[in-house]
Amino acid sequence: MSFQQALSGLNAAGKNLDVIGNNVANANTVGFKAARAEFADVYASTVLGTYSNNIGIGTKLNSVTQMFTQGAISVTSNPFDVAISGEGFFRMDNAGSIVYSRNGQFHLDANGYVVNANGLRLTGYVADANGNINAAQPQPLRLTVSSIEARGTSEVTQGSVLDSRADAIDRIVKPFNPEDSTTYTHATSIAVYDSLGNTHTLSTFYVKRGPGQWEVYTALNGKVTNTDTDGDGLPNGAPLVFDASGKIDLAASNNGVFQVNVDAATLGTGATGLSINYNMASTSQTGQAFSNELQRQDGYTSGRLTSFTIDENGILKANYSNQQSRAQGQITLVSFVNPQGLVSAGSNNFLETILSGGPRIGVPGSSNFGTVTSGALEDANVDLTGELVNMITAQRVYQANAQTIKTQDSLMQTLVNMR
């Protein structure tokens, strides 16, 4: 029986060395998860079952278990390299079948799909033409490299602080004239865009008419856009009324919103006319010098693609030369109740099994999912020092089992040579 015991020990030590050797061989494999050989003892069965003085007949390999501990994060220069910090696997499409991996070495293929070295496509939530993420069924992520078209300005938001100490200006005595600074109290300007991406200057003029009473005039490229609404031959300004605390009276100020309309002929660029919703609801009046606290608009000129970036929540953004960025998709991650139940499919990929449980899909940074880092990779979690020590131990175990066979052979030889 000692021969059988020793032989099982040799086989077990050999398989242990195989596992250790595979770990060492993959020490530089991105996202690789080290394995551990787990053994169990073996006892002979009898009619009456095992008993207290039963001697085992050796050992056997019970399982090879993956160790899904976190690997170190290394920075790279490739923006499509992605490292997971925490729980989760990348969901990869392999010609319709799904596999899972921690290897984040990605690049774009000829069709714009985000793929790994084996051509498997990274899946996630896709975005529409306006950059809105559709969090439905994950699909292979495909990025477009086309330029972004110009967008005409349709919204302007401005929040100014008006000086209540300023003198009132009589509308009849001094009619508003953008070229005469004595006819308005404060002025500011912002660049806006037409449908072809041409830049225009929209100037805003604040005219104080009395305590808490103001009017707003606008001019595009120096031409006043306000019209004569009361028939006196003078353009009428949009009203801004403030209470004693300096807050805007929205009811008396048309909710702080008015329209700026400019026809195509006035633009003179071949673009369609502008219709801008001008929001001044955050304007206030105080006893301080005039200042602009808020100013933004939603138009932009056309732009060419300059780069792609991926944020910690897995959103892939295209960046353009006009300082705009637009989401083109979001990476999804997958987790399992029992990741040790996954089986290796080669090429650093895993397949789900009944033991692993079904996949739970989410996005980086949500629920218990980890975050992702662009321009970085997760190293193998192989501890080379520990593996080398394990290798020495396995070698000694192999030698000890071989010595058992040698000793048993010596005993058998003694019996054979008895006279």
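Student: How far apart do the end C-alpha atoms of residues 162-300 lie?

Tutor: The span is 3% helix and 42% strand, where helices (H or I, at least four residues) and strands (E, at least two) are DSSP runs numbered from the N terminus. This is a predicted model, in which local features need pLDDT of at least 70, side-chain atom pairs count only at pLDDT 80 or more, and totals for chains, interfaces and linings use all residues. Residues are numbered from 1 along each chain as its sequence is written, and side-chain values use heavy atoms, with hydrogens and water left out. The end C-alpha atoms of residues 162-300 lie 28 Å apart.

Student: Which residue stands opposite L316 in β23?

Tutor: Strand β22 (residues 315-320) has 5 of its 6 residues buried, so it is largely enclosed by the rest of the structure; buried means under 20% relative accessible area, exposed over 50% and partly exposed in between (1.4 Å probe, protein chains only). β22 and strand β23 (residues 325-331) pair in the antiparallel sense over 5 bridges, pairing being assigned if DSSP finds at least two bridges between two strands. The two form a hairpin with 4 residues between them, and Q323 in that turn has a positive phi of about 70 degrees. The residue opposite L316 is G329.

Student: Which residue in the turn between β21 and β22 has a positive phi?

Tutor: Strand β21 (residues 305-310) pairs with β22 in the antiparallel sense over 5 bridges, and T309 stands opposite K317 in β22. The hairpin formed by β21 and β22 has 4 residues between the strands. With a phi of about 80 degrees, the residue is G314.

Student: Which residue forms a salt bridge with K33?

Tutor: A salt bridge is a side-chain nitrogen of Lys or Arg within 4 Å of a carboxyl oxygen of Asp or Glu. The closest N and O atoms of the pair are 2.6 Å apart. K33 lies in the loop between α1 (2-25) and β1 (35-42) and its partner in strand β29 (residues 376-378), so the pair ties together parts that are 345 residues apart in sequence. The partner is E378.

Student: Is N401 buried or exposed?

Tutor: N401 lies in helix α3 (residues 384-416). Not counting residues up to four places away in sequence, N401 touches Q5, A6, G9 and L10, where contact means heavy atoms within 4.5 Å. With a relative accessible area of 14%, N401 is buried.
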